[in-house]
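Subject: Structure handover

Hello,

Here is the structure I promised you. Please open it and keep it beside this email while you read.

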Amino acid sequence: MAGSGREVARHWRYAELPGVDLLRARYVRKAFVRHTHEHFVIAAIAQGVEVFHHSGADQYAGAGTLALVNPDTPHTGRAGVPEGWRYGAVYPSPEVVAEIAAETTTIRGTPGFVSPVLDDPYSVELVHQVLRAADEGNALAADTLLRVAVTRLLRLNGGSPARREVRTAGAKVAARARAVLEERMVEPPTLERLAADLGVSAFSLLRAFRDAYGMPPHAWLTDARVRRALRLLDGGTSPAEAAVAVGFTDQPHLNRHFARIVGVPPGAYQRERKNVQDERRGLLLPSDPWQNRQRSQT
């Protein structure tokens with residue numbers, strides 16, 4: 001785990017669970033800025049309380065509950081009590097969740113979670129069992145438990161969340177602004193210049209962008225840069241090269257924003273990815289518990 005003082009975190013992948021990120025963490029002073037994820041967030045709180053701003057209000061997730069966030073949904077995160085919070089989380093991709101939903105639920109359309117907090121200690125334990133099985137190299141258990149956990153959560157708190165499609169001039173302007181920022185991520189224009197190029201006032205653009213994406217353009221751009229850096233790091237690009245490629249001034253600049261969104265520094269994140277690649281080159285049979293224990297210890 002990467003950590004400082006009483007705060008520790010490990011963000012990793014298990015080769016036998018493709019499309020799923022894993023996390024164990026304990027945070028006390030950590031504060032996650034407003035950000036989004038490409039994957040679902042299923043965070044099982046073991047101790048303490050996490051507070052996260054979601055859908056216009058602060059949500060409180062204490063021990064025995066789960067914080068549930070759908071992909072591309074802006075949210076924050078911080079401690080709700082002085083001792084912080086300890087949790088384990090799985091981040092399944094939309095494709096993984098859709099596959100499970102199609103096999104085990106009657107949800108029509110794109111599956112998602114309805115409420116951001118669910119009080120269900122049994123599901124909390126299932127999430128921690130997934131992480132434990134991944135640590136032990138027990139592929140059969142990890143895959144089975146993940147599917148059971150996601151199925152249970154979708155049955156208890158699932159649906160097809162309505163995606164608000166705002167067909168207004170402001171929404172169209174916001175979409176055009178987002179496209180410009182994606183294209184010019186390394187050298188973005190000022191808000192005034194961007195608004196002038198789109199033929200609107202700076203204030204109108206700011207309001208339209210907030211309404212469409214839940215955050216102002218500069219915050220959205222930082223989030224988008226970190227998400228692109230994640231993909232570069234997954235592909236083997238060094239943190240220093242990734243920082244410049246996505247528009248940060250240097251690696252310390254990337255480190256600061258990366259840790260405030262992902263929860264670990266980019267170097268620690270990438271090392272865990274390399275471990276997965278090494279694991280794929282020399283996988284042991286998951287049916288041999290003694291060998292798997294040796295591999296997990298190594």
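Start with Asp-72. It sits in the loop between strand β7 (65–69) and strand β8 (75–79). Helices (H or I, at least four residues) and strands (E, at least two) are DSSP runs, numbered from the N terminus. Asp-72 is partly exposed, with a relative accessible area of 45%. Buried means under 20% relative accessible area, exposed means over 50%, and partly exposed lies in between (1.4 Å probe, protein chains only). Not counting residues up to four places away in sequence, Asp-72 touches Thr-36, His-37 and Arg-227. A contact here means heavy atoms within 4.5 Å. Asp-72 and Gly-214 are 142 residues apart in sequence, yet 9.9 Å apart in space, C-alpha to C-alpha.

A word on how to read all this. This is a predicted model, where local features need pLDDT of at least 70 and side-chain atom pairs count only at pLDDT 80 or more, while totals for chains, interfaces and linings use all residues. Residues are numbered from 1 along each chain as its sequence is written, and side-chain values use heavy atoms, with hydrogens and water left out.

Now the overall picture. The protein has 11 helices and 12 strands. It has 298 residues, and 47% of them count as buried. Take the contacts with a separation of 6 or more: 71% of them are between residues 24 or more positions apart. The accessible surface comes to about 14700 Å², and 51% of it belongs to carbon and sulfur atoms. Accessible areas come from the Shrake-Rupley method with a 1.4 Å probe; for residues, only the protein chains shown count as cover.

Look at Lys-30 next. It lies in the loop between β3 and β4 (31–35). Is Lys-30 buried or exposed? At 15% relative accessibility, Lys-30 counts as buried. Leaving aside neighbours within four places in sequence, its contacts include Glu-7, Gly-77, Trp-85 and Ala-259. Lys-30 and Ala-259 are 229 residues apart in sequence and 9.4 Å apart in space, C-alpha to C-alpha. Lys-30 also lies over the face of Phe-32, at 5.7 Å from the ring centre. Arg-10 lies over the face of Trp-12, at 4.0 Å from the ring centre. A charge sits over a ring if NZ of Lys or CZ of Arg is within 6 Å of the ring centre and within 35 degrees of the ring normal.

Ser-93 is in the loop between β9 and α1 (94–104). Ser-93 is buried, with a relative accessible area of 6%. Beyond its neighbours within four places in sequence, Ser-93 is in contact with Gly-19, His-39 and Phe-40.

Aromatic rings

Rings of Phe, Tyr and Trp (its six-membered ring) pair if their centres lie within 6.5 Å; planes under 30 degrees apart count as stacked, over 60 as edge-to-face and the rest as tilted. By this rule there are 8 aromatic pairs. Tyr-27 and Trp-85 form a tilted pair, 5.5 Å centre to centre, with 55° between the planes. Tyr-27 is in strand β3 (residues 20–27) and Trp-85 in strand β9 (residues 85–92), so this pair links distant parts of the chain, 58 residues apart. Both Tyr-27 and Trp-85 are buried. Tyr-27, Phe-32, Trp-85 and Tyr-87 form one aromatic cluster.

Helix α5 and the cores

Which residues of helix α5 (residues 191–198) are buried? They are Leu-194, Ala-195 and Leu-198. They cover an arc of only 95° around the axis, which puts them on the same side of α5. That arc is taken from the directions from the helix axis to the C-beta atoms. These buried residues pack against α4 (169–183) and α6. Gly-199 follows α5, and its phi is positive, near 75°.

A nonpolar core is a set of buried Ala, Val, Leu, Ile, Met, Phe, Trp, Tyr and Cys residues joined through side-chain atoms within 4.5 Å. The largest one has 47 residues, of which Tyr-87, Trp-220, Phe-258 and Val-262 touch the most other members. Helix α7 (residues 217–234) gives the largest share of this core, 7 residues. A second, separate core of 32 residues includes Leu-22, Ala-44, Ala-142 and Ala-149.

Best wishes
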